[in-house]
Amino acid sequence: MKLSPRAYEILWDAHAWVGALSSIVLFALFFLGAFALFAEELAPWQEPAFRGPVAVSEERALELAQRIVDAEVEAKPAWFGLSLPAEEEPWLRIWRLTPAGTVQSSWMDPVSGQLLGERSDLGEFLNAMHFLDPIPGGKYLAGIASIVLLLLIVTGVLIQLGKLVRELVQFRPHQARRVLWSDAHKVLGVVNAPFLSLFALTGAVLCLYAWLQPAVVATTLDGDARAVESAVDWPSPLPRKGESATAPDLKLSLERARQRFPQATHRWFFIDNLGDANAVVHLPGESGGSLNAFEHVWVSRAGEVIRVRGRGGATSYSRTMETLYGWHFAAWADLSVKAIYALMALLASFGIVAGNLLWLERRRSRGLGSFDLLLEKLTAGGCAGLTFAVASLFVANQLLPAALHERPRYEHALFFVAWAGAVGYAFVERSAARSARRLLIGASALLFAVPLIDAARTSRLPFASGSSFILATELGLVLLGLLLAGAARAVSRMERHGGSPLPLEELANDSTPSTP
């Protein structure tokens with residue numbers, strides 16, 4: 001099957017323009033997605049003082065947790081949460097709902113009972129940035145970009161009809177830059193097409209469901225909020241009764257949850273209406289090896305099970321949503337499969353950059369316009385700059401004082417300052433290639449330095465912490481540093497050699513329009 005020249009030109013224009021306009025956002029989503037997959041595994045890394053095996057028994061941890069909850073009764077928070085120590089987080093974690101409606105977290109030493117205050121949220125922040133959530137309106141922008149990605153996949157496949165097999169194995173790195181970037185973009189696109197489709201679909205739904213839900217309620221459900229609760233299988237908490245009461249018995253609540261789901265791991269306690277007679281303890285239980293990994297039990301203050309929610313929930317909507325979540329975050333997978341997910345995400349991000357470079361090379365012979373120059377600067381500062389910002393975040397996580405008040409806010413600020421500074425540098429530097437190369441080299445150097453800094457801080461040899469979580473993080477940072485160093489070398493070669501004119505035989509074989 002072959003498209004007509006007019007249809008081919010229309011599809012190519014749509015693919016090129018939409019891809020160029022959405023490229024920086026899509027690069028950020030996929031590059032940060034490689035870190036979001038390991039948000040939990042990064043927990044031991046982000047706070048060296050908290051590393052080590054679980055130092056207390058579950059009974060001792062429950063006693064300490066009960067004391068914490070009892071002390072919070074007088075404040076009567078609408079919502080309060082804590083978690084017991086685990087292998088990846090061998091300390092107690094506490095969450096409080098602030099008057100402003102935000103959730104503030106802190107840690108407690110399970111041995112001494114000392115409250116340690118706020119510490120780093122490195123993994124959680126990178127997970128949130130994967131959805132652009134810390135940026136106002138960012139999550140909706142991420143959802144729109146996911147829909148755009150679906151359009152790019154469809155137009156890309158249609159453009160390559162009849163040539164998919166050839167494009168899959170055709171890579172000519174010693175040809176002209178236009179041929180190089182064209183081959184890289186096509187090979188990465190074809191290889192990654194199923195992966196891209198999965199993440200485009202799941203990302204769009206996960207990011208936009210909150211945006212679309214009010215419209216669904218107003219149209220399909222006639223404005224009935226209770227119908228929404230039934231569809232999502234997640235009812236609202238009971239209202240406060242207005243009668244003061246003691247805290248729920250956490251040990252009893254845990255026993256009730258384990259009686260219902262004995263195979264699940266239960267270590268989280270989320271309490272609604274603490275200090276009120278209608279207090280309810282919500283205990284999520286996690287079971288591995290399934291797309292729907294969580295089972296939920298709600299226990300009243302008196303110790304009665306008032307609600308149970310199995311894996312995926314009881315409705316088609318809830319099962320569909322949780323399945324999409326499971327696919328997106330590889331909830332069913334072990335560490336090795338997550339590593340493959342991360343590699344595919346990085347390949348996708350570099351495939352997006354290759355598309356931008358292909359755009360620029362095709363237009364360079366006719367002279368770059370103002371939009372092309374803007375895209376060139378944004379690709380250097382936005383994409384290479386993001387790698388520098390992430391590396392800077394890991395350095396800030398190591399060097400900021402542990403007792404710094406609201407330390408996560410400083411880490412976040414340094415991340416955004418580094419990213420904005422990189423974009424600014426790309427705009428003032430005459431050569432976009434030079435700025436990209438320097439930013440990539442800087443990011444690579446910082447990533448190589450981070451394991452050395454951590455080893456020096458903890459008085460050990462690099463890669464000899466004794467923790468599989470720490471070793472995996474160290475290896476991941478070094479491998480990413482090598483990848484960025486390789487990208488910087490490729491940019492350097494591009495600067496030096498420039499690329500030869502496109503050979504006549506390649507012009508004959510390349511039916512893509514010369515200008516978008």
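Hi everyone, and thanks for coming. A quick word on the ground rules. Because the model is predicted, local features need pLDDT of at least 70 and side-chain atom pairs count only at pLDDT 80 or more, while totals for chains, interfaces and linings use all residues. Residues are numbered from 1 along each chain as its sequence is written, and side-chain values use heavy atoms, with hydrogens and water left out.

Let me start with charge pairs. How many salt bridges does the structure hold? The count is 19, where a salt bridge is a side-chain nitrogen of Lys or Arg within 4 Å of a carboxyl oxygen of Asp or Glu.

When I say helix or strand, I mean DSSP runs, H or I of at least four residues for helices and E of at least two for strands, numbered from the N terminus.

Are Asp233 and Arg309 buried or exposed? Both are buried, and buried here means under 20% relative accessible area, with exposed over 50% and partly exposed in between, using a 1.4 Å probe and protein chains only. For Asp233 the relative accessible area is 11%, so Asp233 counts as buried. Arg307, on the other hand, counts as partly exposed because its relative accessibility is 24%. Asp233 and Arg309 also form a salt bridge, at 3.5 Å from N to O. That pair again connects distant parts of the chain, with Asp233 in the loop between α8 and α9 and Arg309 in strand β9, 76 residues apart.

One more pair while we are here: Arg438 forms a salt bridge with Glu429, and their closest N and O atoms are 3.5 Å apart. Glu429 is buried, with a relative accessible area of 12%, whereas Arg438 is partly exposed at 43%. Salt bridges that share partners also join Glu88, Glu89, Arg93, Glu124 and Arg267 into one network.

Glu47 is in the loop between α2 (43-46) and α3 (58-72). Glu47 counts as buried because its relative accessibility is 4%, and a polar contact of 3.1 Å joins its side chain to that of Arg407. Glu295 is in strand β8, residues 294-300. Glu295 is buried too, at 11% relative accessible area, and its side chain has a polar contact of 3.2 Å with the side chain of Ser287.

On to the helices. Helix α10 covers residues 316-328, and its 13 residues should span 18 Å at 1.5 Å a residue; the end C-alpha atoms are 18 Å apart, so the two agree. The expected span is 1.5 Å times one less than the number of residues. Which residues of α10 are buried? They are Ser318, Met321, Leu324, Gly326 and His328. After α10 comes Ala330, with a positive phi near 50°.

Helix α12, residues 370-399, contains Val390, which is buried because its relative accessibility is 1%. Val390 and Leu447 are 57 residues apart in sequence, with their C-alpha atoms 9.0 Å apart in space.

Then there is Thr473, in helix α15. Thr473 is buried, with 10% relative accessible area. Its C-alpha atom is separated by 8.2 Å from that of Glu41, 432 residues away along the chain.

Finally, cysteines. How many disulfides does a search of the whole structure find? It finds 0, a disulfide being a pair of cysteine sulfur atoms within 2.5 Å. Cys207 is buried at 4% relative accessibility, and Cys383 is buried at 3%.

That's my tour, and I'm happy to go back to any of these sites on the screen.

Key. A polar contact is a pair of N or O atoms within 3.5 Å; within protein, one must be able to donate a hydrogen and the other to accept it, and residues adjacent in sequence count only if both atoms are side-chain atoms.
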